[in-house]
Amino acid sequence: MKKVLAFDIDQTLNVAKTPITDEIAELLTKCLDKFEVCPISGQKFDQFLIQIVNRLPNPTPEQLSHLHLFVAQGTQYYRFNTLKKDWEQVYNYPLTNEQVAKISATIEQAAKELGYWEEDKLKPGDEIIENRLSQVTFSALGQEAGTEEKYAWDPDHKKREQIVKRCKELAPEFDYEIGGTTSINAITPGMNKTFGMTHLLEELKVEKSDILYFGDMTQPGGNDYPVVAMGIDTITVRNHEDTAFALRGILGVI
Ligand SMILES: [Mg+2]
């Protein structure tokens, strides 16, 4: 039997950038009694709290001790300290300020050259490029844009593929991955989900075969693909409804 259920977040557990539904919250809480549960995503720690942890219905400290937060593609790891009753950071591998500046300038130039720099569509105070410490993330319409607007922006990934191609010409020392609905994550090579999953194996003292991973971008070039390439068993989902369906099956047969 699998010991670990690992999950991409955006489009796997939720509608991108929104809190998980009551149904997913209930299913994940049930999973905490049977499995180590590991969300791994390009997002920041506070978003893991907003979108997942704070949505769980009255989890016990014991249940939370089985929840492992692999933030910024697992370049940061947080676990629940049952004595302090709070989250603690176990490790962190940030980018340098120089790397952040170079990546930000590269993506901005590429998007501007291609006509995909949509600054005029941003809500006040919002930004297209965000420093997430271990990665820099381009979100074409900012963080606050509406879901429908985001879905419509690049449904076939073509715009982002062009931006990524140009970024690779301008700054080939970084890796660029397409994720979510409007995002590109820029990282130093190897600081993708392979890094996170490799550290997960070490931290949880498990084997690859102990893990079942859920993700929506498992195609080559997608931000879940590194997990597939490692040989970890993966379930490809279209959305959180597929994930809920699979989890109901898994919990039903235990
Ligand atoms: Mg995703």
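Visitor: Which residue is the bridge partner of glutamate 130 in strand 7?
Guide: In this model, which is predicted, glutamate 130 has threonine 137 of strand 7 as its bridge partner. Strand 6 and strand 7, the latter made of residues 136-139, run antiparallel and are joined by three bridges.

Visitor: And what order do the strands of that sheet take?
Guide: The order is 6-7-9-8, in an open sheet of four strands with antiparallel pairing. Strand 6 (129-131) and strand 8 (175-179) each have a single partner strand, so these two stand at the edges and one side of each is left without a neighbour in the sheet. On average, and with direction ignored, neighbouring strands of this sheet are turned by 25° against each other.

Visitor: Which helices lie across those strands?
Guide: Helix 4, residues 97-114, lies across strand 6, strand 7 and strand 9 (183-187), and it runs at about 20° to strand 7. Helix 6, residues 158-170, lies across strand 8 and strand 9, with an angle of about 170° to strand 8.

Visitor: Switching topic, how is the chain divided into domains?
Guide: The domain assignment gives domain 1 as 4-93 + 191-253 and domain 2 as 97-187. Their C-alpha centres lie 24 Å apart.

Visitor: How many residues are in contact between the two?
Guide: The contact involves 18 residues of domain 1 and 16 residues of domain 2. On the side of domain 1 that touches domain 2, six residues are nonpolar, nine are polar and three are charged.

Visitor: What about helix 1, which of its residues are buried?
Guide: In helix 1, which covers residues 22-31, Ile24, Leu27, Leu28 and Cys31 are buried. Seen down the axis of helix 1, these buried residues fall within an arc of 100°, so they line one face of the helix.

Visitor: What do they pack against?
Guide: The buried residues of helix 1 pack against strand 1 (4-7), strand 2 (36-39) and helix 9 (240-253).

Visitor: Which strand does strand 3 pair with, and over how many bridges?
Guide: Strand 3 pairs with strand 4, residues 76-81, in the antiparallel sense over four bridges. Within that pairing, histidine 68 has arginine 79 of strand 4 as its bridge partner.

Visitor: And which residue takes a positive phi in that hairpin?
Guide: Alanine 72 does, with a phi near 50°, in a hairpin that has four residues between strand 3 and strand 4.

Conventions. Residues numbered from 1 in each chain as written. Predicted model: local features only at pLDDT ≥ 70, side-chain atom pairs only at ≥ 80, totals over all residues. Domains from an automatic or database assignment. Contact = placed C-beta atoms within 7 Å. Nonpolar A, V, L, I, M, F, W, Y, C, P; charged D, E, K, R; others polar. Pairing = 2+ DSSP bridges. Axes fitted to C-alpha atoms, helices over the stretch in contact; angles between N-to-C directions. Buried ≥ 20, exposed ≤ 12 C-beta atoms within 10 Å, placed from the backbone. Arc of directions from axis to C-beta.
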